[in-house]
Amino acid sequence: MLFRSPHELLLVERNDSGRIVAATVVTLQPETLNRRLLWKTSLLRAFMPGALRLWRLVAGGGGGTHAPEMILLFTAPEERRHGRGQSLVRRIDAQLLERGVREYEVRTETDPANVALAFYRRLGFMARRVETRLGVSFQVFARTVLDERQ
C-alpha cells in the first residue's frame, strides 16, 4: 500500500522497472467525500461564484449507501488484461477485511461499450442499482469481501 488515511485507501501495482502501472482508491466514508474534497482542496475557491449551487450538488455526500466505495481503478493501457486490476481488487478486499468491512461498492457508466461492466461481473461484483448523476447513468455494483484464509 502506498498511502493510508483514516478516510481513503490508495494501492498501486508497479511493473518490473518500478513504474506505477495500476492504481485504486477506495473511500471508507463516501457519504462525506464530496464535502471533504470541497473544504480541503482549492475547489471552493475555484467555484466561489457558484458556491451555493456547488454546495447543493455535493452536500448530499457520496451516494446511496454508506458502504465504502472504490472511486478509482486504473490500469495503464499496455498493462491491461495482465491481472493488474484483479490483483488490486484482491488487495483492497484484504485491506477492508482487516477493518471488518464485508462489502463495498463501485460505480461505472452504463454504456454498453464500457469494458468495466464485464470486468466487475467477472470478479463477482453484483449489480445493485442504476443511478444518474449530472445526466450520466451509472451501474452500481457491490462486492462481498470474503476471507480467503478460511
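Guide: The conversation below sets computed values against the definitions behind the terms. The model is predicted.

Visitor: What does the protein contain, by way of helices and strands?

Guide: The protein has 5 helices and 7 strands. Along the sequence, their order is β-β-β-α-α-α-β-α-β-α-β-β. Of its 150 residues, 42% are buried.

Visitor: Why is Thr27 called buried?

Guide: A residue counts as buried when its relative accessible area is under 20%. The value for Thr27 is 0%, and therefore Thr27 is buried. Thr27 belongs to strand E3, which covers residues 20–27.

Visitor: What makes the approach of Thr27 to Glu8 a polar contact?

Guide: The limit for such a pair of N or O atoms is 3.5 Å. The side chains of Thr27 and Glu8 make their polar contact at 2.5 Å, a value within 3.5 Å.

Visitor: Which residues of H4 are buried?

Guide: They are Arg84, Gly85, Leu88, Val89, Ile92, Asp93, Gln95, Leu96 and Leu97. In general, an α-helix has 3.6 residues a turn, so residues three or four places apart point the same way. Just after H4, Gly100 has a positive phi of about 80°.

Visitor: Why is Ala94 called partly exposed?

Guide: Ala94 is in helix H4. The class "partly exposed" lies between the buried limit of 20% and the exposed limit of 50%. Ala94 has a relative accessibility of 40%, and so counts as partly exposed. The C-alpha atom of Ala94 is 8.0 Å from that of Val145, although these residues are 51 residues apart along the chain.

Visitor: How many aromatic pairs are there?

Guide: The count is 4 aromatic pairs. One of them joins Phe119 and Tyr120, with 5.3 Å from centre to centre and 70° between the planes.

Visitor: How do you know whether Tyr120 and Phe125 are buried or exposed?

Guide: The cut-off for buried is under 20%. Tyr120 has a relative accessible area of 6%, so Tyr120 is buried. Phe125 is at 2% and therefore counts as buried. Phe119 is buried as well.

Visitor: What lines the second largest pocket?

Guide: The second largest pocket holds about 470 Å³ of space. Its lining has 19 residues, and the closest to its centre are Thr75, Arg80, Arg81, Phe119 and Arg122. Strand E4 (69–75), H4 and helix H5 (115–122) each give two or more residues to this lining. The largest share, 6 residues, comes from H5. By class, the lining has 8 nonpolar, 6 polar and 5 charged residues.

Definitions and conventions
Residues are numbered from 1 along each chain as its sequence is written. Side-chain values use heavy atoms; hydrogens and water are left out. Helices (H or I, at least four residues) and strands (E, at least two) are DSSP runs, numbered from the N terminus. Buried means under 20% relative accessible area, exposed over 50%, partly exposed in between (1.4 Å probe, protein chains only). A polar contact is a pair of N or O atoms within 3.5 Å; within protein, one must be able to donate a hydrogen and the other to accept it, and residues adjacent in sequence count only if both atoms are side-chain atoms. Rings of Phe, Tyr and Trp (its six-membered ring) pair if their centres lie within 6.5 Å; planes under 30 degrees apart count as stacked, over 60 as edge-to-face and the rest as tilted. On a 1 Å grid over the protein atoms alone, a cavity is a set of points where a 1.4 Å probe fits but cannot get out, and a pocket is an open set with protein on both sides within 12 Å along at least five of seven lines; lining residues have an atom within 4 Å of a point. Grid points are joined across faces, edges and corners, and a volume is the space filled by probe spheres set on the points. Ala, Val, Leu, Ile, Met, Phe, Trp, Tyr, Cys and Pro count as nonpolar, Asp, Glu, Lys and Arg as charged, and the others, Gly among them, as polar.
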